[in-house]
Amino acid sequence: MIPLEHILLLSAVLFCIGLTIIISKKNAIMVLMGVELLLNAANINLIAFSGGDKGLNGQMFSLFVIVVAAAEVAVALAIVMQAYKYFRHSDVTDMDHLN
């Protein structure tokens, strides 16, 4: 069995990588990938802490996060595609001109 500390360390590393990608990248697709890493880090924490839970609450929350992440990616990719058709690039700094 993997110790809880190792799982939390993996989650923290994934979270930091995702946050670094969100802050440093201007490409909208890369920002979406950073958000997905953040959500996966949260899922790892939910699964890790639900190990001692007999009610499977952590797994259900994790499944909910996966469903919300899939919906978020579908909507975000549609927005990025429309922005790409308009700007001919997917730089998030130009997205404030969409209103």
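Predicted model: local features only at pLDDT ≥ 70, side-chain atom pairs only at ≥ 80, totals over all residues.

Me: Is S62 buried or exposed?

Reply: Buried: its relative accessible area is 6%, and the cut-off for that label is under 20%.

Me: Which residues is S62 in contact with, leaving aside its neighbours within four places in sequence?

Reply: With those neighbours set aside, S62 touches N43, L46 and I47.

Me: Next, nonpolar cores. Which residues make up the largest one?

Reply: The general idea is that nonpolar side chains tend to be buried together in soluble globular proteins. Here the largest nonpolar core has seven residues, namely A28, L32, A76, V80, A83, F87 and M95. Two or more residues come from each of α2 (28-49) and α3.

Me: Which element gives the most to this core?

Reply: That's α3, with four residues.

Me: F87 is in that core. How buried is F87?

Reply: F87 has 17% relative accessibility, so it counts as buried, given that the cut-off is under 20%.

Me: And aromatic pairs: how many does a search of the whole structure find?

Reply: One. It is formed by Y86 and F87, with an edge-to-face arrangement: 4.8 Å centre to centre and 85° between the planes. In general, you describe a pair of aromatic rings by the distance of the centres and the angle of the planes.

Me: What about Y86, is that one buried or exposed?

Reply: Y86 counts as exposed, at 60% relative accessibility.

Me: Let's do backbone angles. What stands out about the phi of R88?

Reply: As a general rule, most residues other than glycine have a negative phi. R88 is not a glycine, yet its phi is positive, about 70°.

Me: Last one: nonpolar residues on the surface. Which residues form a nonpolar patch there?

Reply: L56, M60, L63 and V67 do, and together they have about 400 Å² of accessible area.

Me: Take L63 from that patch. Where is L63 placed?

Reply: L63 sits in helix α3, which covers residues 57-87. With a relative accessible area of 48%, L63 is partly exposed, because the exposed label needs over 50%.

Terms used: Residues numbered from 1 in each chain as written. Heavy atoms only, no water. Patch = residues over 30% accessible without salt bridge, like charges linked within 9 Å, V, L, I, M, F, W, Y side chains within 5 Å. Areas by Shrake-Rupley, 256 points an atom, 1.4 Å probe, with all protein chains shown as cover. Salt bridge = Lys/Arg side-chain N within 4 Å of Asp/Glu carboxyl O. Buried < 20%, exposed > 50% of the residue type's maximum accessible area, 1.4 Å probe, protein only. Contact = heavy atoms within 4.5 Å. Phe/Tyr/Trp six-rings, centres within 6.5 Å; stacked < 30°, edge-to-face > 60°. Core = buried A, V, L, I, M, F, W, Y, C linked by side-chain atoms within 4.5 Å.
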